[in-house]
8 protein chains.
Amino acid sequence: MTEHLDDFARVDLDRERRTGDPEVVYGAGKTPAQVVAILRALHERHPDRAVLATRLGEDARQAVAEQLPEADLDPVARTAVLGPLPEPSGSVLVVGAGTSDAPVVREALVTARVHGARAGTVLDVGVAGLHRLLAVREELDAADCLVVVAGMEGALPSVVAGLVGVPLVAVPTSVGYGASFEGLAALLAMLNSCAPGVVVVNIDNGYGAAVHAARVARAAHR
Amino acid sequence: MTEHLDDFARVDLDRERRTGDPEVVYGAGKTPAQVVAILRALHERHPDRAVLATRLGEDARQAVAEQLPEADLDPVARTAVLGPLPEPSGSVLVVGAGTSDAPVVREALVTARVHGARAGTVLDVGVAGLHRLLAVREELDAADCLVVVAGMEGALPSVVAGLVGVPLVAVPTSVGYGASFEGLAALLAMLNSCAPGVVVVNIDNGYGAAVHAARVARAAHR
Amino acid sequence: MTEHLDDFARVDLDRERRTGDPEVVYGAGKTPAQVVAILRALHERHPDRAVLATRLGEDARQAVAEQLPEADLDPVARTAVLGPLPEPSGSVLVVGAGTSDAPVVREALVTARVHGARAGTVLDVGVAGLHRLLAVREELDAADCLVVVAGMEGALPSVVAGLVGVPLVAVPTSVGYGASFEGLAALLAMLNSCAPGVVVVNIDNGYGAAVHAARVARAAHR
Amino acid sequence: MTEHLDDFARVDLDRERRTGDPEVVYGAGKTPAQVVAILRALHERHPDRAVLATRLGEDARQAVAEQLPEADLDPVARTAVLGPLPEPSGSVLVVGAGTSDAPVVREALVTARVHGARAGTVLDVGVAGLHRLLAVREELDAADCLVVVAGMEGALPSVVAGLVGVPLVAVPTSVGYGASFEGLAALLAMLNSCAPGVVVVNIDNGYGAAVHAARVARAAHR
Amino acid sequence: MTEHLDDFARVDLDRERRTGDPEVVYGAGKTPAQVVAILRALHERHPDRAVLATRLGEDARQAVAEQLPEADLDPVARTAVLGPLPEPSGSVLVVGAGTSDAPVVREALVTARVHGARAGTVLDVGVAGLHRLLAVREELDAADCLVVVAGMEGALPSVVAGLVGVPLVAVPTSVGYGASFEGLAALLAMLNSCAPGVVVVNIDNGYGAAVHAARVARAAHR
Amino acid sequence: MTEHLDDFARVDLDRERRTGDPEVVYGAGKTPAQVVAILRALHERHPDRAVLATRLGEDARQAVAEQLPEADLDPVARTAVLGPLPEPSGSVLVVGAGTSDAPVVREALVTARVHGARAGTVLDVGVAGLHRLLAVREELDAADCLVVVAGMEGALPSVVAGLVGVPLVAVPTSVGYGASFEGLAALLAMLNSCAPGVVVVNIDNGYGAAVHAARVARAAHR
Amino acid sequence: MTEHLDDFARVDLDRERRTGDPEVVYGAGKTPAQVVAILRALHERHPDRAVLATRLGEDARQAVAEQLPEADLDPVARTAVLGPLPEPSGSVLVVGAGTSDAPVVREALVTARVHGARAGTVLDVGVAGLHRLLAVREELDAADCLVVVAGMEGALPSVVAGLVGVPLVAVPTSVGYGASFEGLAALLAMLNSCAPGVVVVNIDNGYGAAVHAARVARAAHR
Amino acid sequence: MTEHLDDFARVDLDRERRTGDPEVVYGAGKTPAQVVAILRALHERHPDRAVLATRLGEDARQAVAEQLPEADLDPVARTAVLGPLPEPSGSVLVVGAGTSDAPVVREALVTARVHGARAGTVLDVGVAGLHRLLAVREELDAADCLVVVAGMEGALPSVVAGLVGVPLVAVPTSVGYGASFEGLAALLAMLNSCAPGVVVVNIDNGYGAAVHAARVARAAHR
């Protein structure tokens, strides 16, 4: 996370300029006041570029809504964005297996946009209803990078990666119960995908998947 | 396992007559001589009905070939069958994701036949190549019970169960490496299937899946 | 889950007609308002056939009771059923090891009925009191499919499968503490059953077991 | 293990005199020559009392057979006993679920005898064939302590403990495959037994179970 | 658990008469009203013999205090005892490593007494302060059976079993944090004790350990 | 794996043309004769494009060397390549933490080249010697995609991802012992990287990482 | 923990005098009243030497603030110190990877001081921003012992141990989510450090790390 | 590991001069020829200072014996030392629980000496025979740092740390079977030690423990 405000400006600003990555605040474990303060400070330093806050609880989102009314809040993604989005370059498509995966799908969507990619979503295309997935095959094929989100048995990335050759990041979610072990089953499934080239991030880490995907998408349109 | 030769005849024979299940020898951990002796004894007691031996190593299969030449050996399934198969009733289709799953697929095939069902196989229809699976959809739909075998991410049962409403038993295999943890990834995936009605057996347990499937298939054609 | 309301009607309705499976709403993670809305919509589309909602918390059940008074609520199973049950065909018997397994037993019972089977329960026949189990042996034998529910050491399916040859689905429950690891001990025990033909579903998944069992039971009486 | 030969004689000999426990050599990881040397030295120190060696590989047993021909070797238990058994007091019954559990059953049998109890075995009374177990109920009831050995789902101790009130030590074995995880499934099952008073030892630890059982049996006949 | 109130009287009463084991109510997951009702019913059936309830939350204990004022409540053990204790026979000593293990120690203490043994406790004799343990060595040696309770690294049973030859049941507790994994570390340690004859029960299962210990103690004084 | 030789030509050839991905033979579990036969058949079908075989044991490599002398064998990567490499487009840099990671590094290197990217390696830049890593910072920055390979604590991807903004795939290896649990420690570390945008593949899966990396690199130079 | 107040004075006081270790109260699971009472009693016994309480919840800290106003409370570390700190000898530097690790860092800081070492902290020097770490290299080198605290991938100790040869204790924290498994990922990473000489304590155990570090630091300046 | 021979001389030689740590070759996974070559090259560069090779198989030791006859080989520790030991400063005592822990004990012993400490061993002082441990208490107290090695339940470090206040590094070993899970039980036990200040290294990592211990011991006698 590059949310720290002080004495290390030189190197990180270099990296930021080169990579196009914005400043990000990881909200978990921070008080609403801290979230607001960091967002404001980062925004003042980068008024021309969106800063992103993730994993905001309801309290933090309310504090942001009141004190930073210009921020763009997404209650499903649990994110806040402050400042103008960059000009998009390249496209990321976020694909979600079920409706319960929506928070992770939305976090990925918002993150991809803040990191400079065009981004959209396709929802509710789980492997137990292939017709829904096959109906969006061309959409999948047209993206520069896919982020595929699934809980439970985590099978969707394998099926998608068998349909198209687009770079694909798989995100296991903690959706499930019992022997899903809070996303472990989906994580293991994705790591063992029989489709070549599937790469994986931590459970529920829509943010990390979208950072990678946006870099890949931007590079494809330099 | 009902391979024991002695003093418990009354009850088990009752159950056998009622259920149609044959005698079975689990070969793992038995010497070739023990396998031959038990097979021979069971066959003498049930000359009109096939007995089955599973998990036979190369040594045991060779001993059976030499000393029980009328036995039907399957080197891929690692099984031996001695005595006439029962008249089949109902159909079991064994579906395998990859060529490496063949031993488990064949063990299920032989077991289903010895347990009184018609049985066939569909191979190499992994989820990364959906067209192959979609091509056999009618075959899947025509079975009385499906046994779906897959290693790695274990996604095939979910996809098949989304296509047809036939009772379906999923078999995870130990095919994979690293974070497959010798079949654990596939097992967890199958237990967390998003498709309703998927039931699961132990890793590599083609035998157990087929016993259940044959019972289901036979009951559908009483 | 086939609870989605929109544009994918053709294929799924085909499958439903063929398989006899109803629409189901998985209530976990949904608001009471969402549960009510989906139930109502599904019921309007299928007025002649029961729809099922599972894993309803107390809030959701109260909302259903108030807004869909014709729904049939089961507080132990945490289910709601809206619309007439199908004509039953075939019988499922749900067997529970202990009184703490009741929620899972009842979820299986309701599910089996909504999926078109006759269904009943036998309770409190844990393996530490064999006389109770032996007393219901004929009842076990008369079912078309058994659903056997147990927590703790998960031994009941093995014992039941040794008594009768009826197809049997084992359901581990999260009943236990310490080294039960929320049902993992029972799950592993059931996957390793020494009785041939035992198949298993996820921890506490009475719903999934009953879907499979109802299909098996219906097929036996086509 | 009290196999060390040197400077700590005083206290341990005290304990030995008081408890009746013999000297024991744990053979795993020792060369045949080491096993022979330690057995011989212990025997010279305790000529009037049996010493026990466990976990002897084939090489070690052959070395013992050649160089200590008066030793009593058990190839199934993989043990050697040198010197006269103590006068037995109290009775231990070792109950085994399946034929594959025989090595652990025999290790417990030999250990119980060397530790001063009368001991016998009942074999092949797995829970999938209750009639065999029920047939020996009186035998179970007559013992001072039971050692119940089972692999796979490890259900036997719960069933036995439901039949009789005798103190009972459960021994999980590594018999099984896949999700048995080399005995872990049976171990967890036994730790979660629904029958009160079941106590457990490490996987395959017939020796440890029998040490406890013999102490219990001897105490019952002081 | 033998808490069920109905039609299985014959066999269980036989066992009870023979073994001296009382009726027990496992309170976890029961409402205060249920606990009171079952205790009262069991007491009416066995007015001359104590019945035991374990794992009672504060609500349940308060309900018992109000409605069954003659019950003996132990807030640390979270138990209630109703009816006269049996005449004790044999002695159980419950040894606890730390003050945080007190609930499990007390549960074992109460259970042993209700199951017919004399029982006492030795507390706070963890292995990091050996002098405290060595000071009670004679007390340890005088018991008929020891119950040794420890969390964290679970080392105490090994040390005690090295000091005396008395039968010993080890109870791991969930005391600890981080890599104790809620008692798993202590459980594994106890299962791997280098001292022969240590037997183990589930995490926090003071009840089960004491049932075994009381049987052993009673048998030593028949 | 797209190694199957028969009736599914149409769709897969389409995908291949579009994605630039070659045919691949996964050698584990195949006989040398099978490897040779499949390689030869794929080469005949695609004489103008390299086919790749991975995870070849010494026997298989020797068989390839004798019967397909024009194949390019890499004994460290355990790969064989048959046919001309594609014109490279974009660059992949494979970074290895230690010399023991060389097999995975080389597998990634060969795979990236066969999949159409320019590829090179930087070796032995583990995090305990940062000066080595800092010395190649410009090289890291110049790549279109990085594959970062490490065993043991798996820290290298986090450090590299903190230095440059290039898309980065992390590969845990099974290098280590004890609590590395055959690569699990490194896998978990990489999934929890504090550096945003790190994506991960299965343990030792240099092949899968390079497939993704080559796609990313090619897309950056379309 | 040496917080017990009674009859074991002689030996422990001996040890305390020799080692310089203070009395410590582990606050988790104690009531505020208990914490206050033990602190007061220990302080009365050792008025000239600080006693330490750790893991104090907000309630306990408030009770201490009110009833022992002379105590030094640290709300981040969740500690209380009562009595004068010892004259420091040797220096401990506590290094924290991220701001979320602050509670563990502070607990280590306070503990080191109470145990007789000079102590300071360096914060927010995670491995994804090496420049911050390299900037404090001389500070690291000047300490007598380092305590390095990190969650998530736990890479910081390896990097620090590669920079300096000072004795180093690694502390994994539970900071992270998903596949961090509450600190397990960081723990495993630290145990597998490729830098020689890294030693590790339990997850979040800043106290234990600082006890060791203070002993090492004091010994270096005897 | 600092075994690499080339272009990174400047910084590492600086560190070496400052810390006194020697060059080390980790032998696992290296050919005998590689081991000999690296040892020779390192020795030529540092003729006045011992270099160490660890984890040498029998082949590698034989190659060293033949080609580097001046090397000091330890077949139990599986180490080779080439060149003169440094002048020792400070003392490390390596304490082993059982005879099977000897390889790890010896590896620690040799490593401590090569890293500049005086070192000795105390063997076979497992916790089940406390008298042996108590007999060496003064020896324990006299060391500057202790390395305590134990397998199975891993209890020894807690007991030793309760006896003396010397800095102590615990080493779990893979000695054990079944639920020891190749040293995991001992590792967890040591991480959860109730004695403050116990620090831990990876399973069987005598080398790493001794590097830390030697640094601590040397610092105490600067």
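**Entry 1: chains C and B**

I began with the contacts between two chains, and found 37 residues of chain C touching 37 residues of chain B. I am working from a predicted model, so I keep in mind that local features are read only where pLDDT is at least 70.

Next I looked up the buried area. Chain C and chain B bury about 2,900 Å² between them. Carbon and sulfur atoms give 53% of that area. I noted why an area is quoted here: the size of an interface is often given as the accessible area lost when the parts come together.

How many salt bridges are there between chain C and chain B? The count is 0. I then turned to polar contacts. The rule finds 8 residue pairs in polar contact across the interface of chain C and chain B, both residues at pLDDT 80 or more.

I asked which elements of chain C build the side that touches chain B. Seven names went into my notebook: the helices α1 (9-19), α6 (137-142), α7 (156-163), α8 (184-191) and α9 (206-219), with the strands β8 (168-172) and β9 (198-200). Each of them supplies at least two residues. The most comes from α9(C), with 7 residues. By class, this side of chain C has 22 nonpolar, 8 polar and 7 charged residues.

**Entry 2: chains F and A**

I moved to another pair. Here 37 residues of chain F are in contact with 37 residues of chain A. The buried area is about 2,900 Å², and carbon and sulfur atoms give 53% of it.

I looked for salt bridges again. Between chain F and chain A the count is 1. Which side chains meet in it? They are those of F:Arg222 and A:Asp144, at 3.4 Å from N to O. A salt bridge needs a nitrogen and a carboxyl oxygen within 4 Å, so the pair at 3.4 Å qualifies.

Polar contacts came next. I have 9 residue pairs across the interface of chain F and chain A, both residues at pLDDT 80 or more. On the side of chain F that touches chain A, the elements giving at least two residues each include α1 (9-19), α7 (156-163) and β8 (168-172). The largest share is from α9(F), with 7 residues. I sorted this side of chain F by class: 22 nonpolar, 8 polar and 7 charged residues.

**Entry 3: how F and A are related**

I superposed the copies. A rotation of 180 degrees, with 0.0 Å of shift along the axis, puts chain F on chain A at an RMSD of 0.0 Å. That is why I wrote down a two-fold axis. Which C-alpha of chain F is nearest the axis? It belongs to F:Ala220, 2.1 Å from the axis. Both copies use the same surface, as 100% of the contact residues of chain F recur in chain A.

**Entry 4: F:Asp101**

I finished with one residue. F:Asp101 sits in the loop between β5 (91-96) and α4 (102-114) of chain F. Is F:Asp101 buried or exposed? Its relative accessible area is 4%, so it is buried; the cut-off is under 20%.

I checked what surrounds F:Asp101. Beyond its neighbours within four places in sequence, its contacts are F:Val149, F:Ala150, F:Gly151, F:Thr173 and F:Val175. F:Ala150 is 49 residues away from F:Asp101 in sequence, yet their C-alpha atoms are 6.5 Å apart. The side chain of F:Asp101 also reaches the backbone nitrogen of F:Gly98, at 3.0 Å.

Note on methods:
Residues numbered from 1 in each chain as written. Chains lettered and ligands numbered in written order. Heavy atoms only, no water. Contact = heavy atoms within 4.5 Å. Buried area = accessible area lost by both parts, 1.4 Å probe. Polar contact = N/O pair within 3.5 Å; in protein donor to acceptor, adjacent residues only side chain to side chain. Helix = DSSP H or I, 4+ residues; strand = E, 2+ residues; numbered from the N terminus. Nonpolar A, V, L, I, M, F, W, Y, C, P; charged D, E, K, R; others polar. Buried < 20%, exposed > 50% of the residue type's maximum accessible area, 1.4 Å probe, protein only. Least-squares fit on C-alpha atoms with pLDDT ≥ 70 in both.
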